[in-house]
Structure formats: C-alpha cells, structure tokens
Amino acid sequence: MYASRETATAYVIAALEAKGTATRYDFDVPAIVAASHAAARSWDFQSIEGGTFWRIAARFLK
C-alpha cells in the first residue's frame, strides 16, 4: 500500500523506469503523482488500471 506522497512518487518512478526505455527525467513526475492521486482518490496507485496510469503519464512527457 502506498500511504504517502513519497511512497506514491517512488511507485511512479519505478513504473516509468521499469521497461528501461525512459527515465524519471523524461516526465513531470510531480504532475503524474498529482493526477494519479486525483484519479485514485488515494496514494495507493495500484488501484488505477494500467491503461489509465499510462494515459496520465503520457500527458506529462517532457
């Protein structure tokens, strides 16, 4: 469970970098965290469907 902004941020960074094709520096991570938090209504981003998370992330590609 991701119970804070810090753990949610770590989750987002891990998801973005998991495939090895991008890094956290390619995205506006704080904006992704804020939008994901609004979508999930919680810091537990695992409740967001994968497609929804990636649509959010794509909006904040630098």
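Hi everyone. When I talk about a helix axis today, I mean a line fitted to C-alpha atoms, taken over the stretch in contact. Please also keep in mind that this is a predicted model.

How do the axes of H1 and H3 cross? They come within 12 Å of each other, at an angle of roughly 90°. Angles from 65 to 115 degrees count as roughly perpendicular, so that is the word for H1 and H3.

Which residues meet there? From H1 we have Val12, Ala15 and Leu16, and they meet Phe53, Trp54 and Ala57 in H3. If you sort the residues of this contact by type, you get six nonpolar, no polar and no charged.

Now let's turn to the core. The largest nonpolar core has 20 residues, and Val12, Leu16, Ile32 and Phe45 have the most contacts inside it. Helix H1, residues 5–17, helix H2, residues 29–40, and helix H3, residues 50–59, each give two or more residues to this core. H2 gives the most, with six. As background, nonpolar side chains in soluble globular proteins tend to be buried together.

Here is a residue I'd like you to find on the screen: Ser36, in helix H2. Is Ser36 buried or exposed? Its relative accessible area is 0%, so Ser36 is buried. Leaving aside residues up to four places away in sequence, Ser36 touches Phe45, Ile48, Phe53 and Ile56.

Phe53 brings us to the aromatic rings. How many aromatic pairs does a search of the whole structure find? Four. One of them is Tyr11 with Phe53, an edge-to-face pair with 6.4 Å centre to centre and 70° between the planes. Tyr11 sits in helix H1 and Phe53 in helix H3, so this pair ties together parts that are 42 residues apart in sequence. Phe53 is buried, at 5% relative accessibility, while Tyr11 is partly exposed, at 22%.

Phe53 also pairs with Trp54: the ring centres are 5.0 Å apart and the planes are at 80°, so this pair is edge-to-face. Trp54 itself is partly exposed, at 38%. Together, Tyr11, Trp43, Phe45, Phe53 and Trp54 form one aromatic cluster.

One last stop, in the loop between H2 and H3, where we find Arg41. Most residues other than glycine have a negative phi. Arg41 is not a glycine, yet its phi is positive, about 55°. Arg41 is also exposed, with a relative accessible area of 76%.

Terms used. Residues numbered from 1 in each chain as written. Heavy atoms only, no water. Core = buried A, V, L, I, M, F, W, Y, C linked by side-chain atoms within 4.5 Å. Buried < 20%, exposed > 50% of the residue type's maximum accessible area, 1.4 Å probe, protein only. Helix = DSSP H or I, 4+ residues; strand = E, 2+ residues; numbered from the N terminus. Axes fitted to C-alpha atoms, helices over the stretch in contact; angles between N-to-C directions. Parallel < 35°, antiparallel > 145°, perpendicular 65-115°, else oblique. Contact = heavy atoms within 4.5 Å. Nonpolar A, V, L, I, M, F, W, Y, C, P; charged D, E, K, R; others polar. Phe/Tyr/Trp six-rings, centres within 6.5 Å; stacked < 30°, edge-to-face > 60°.
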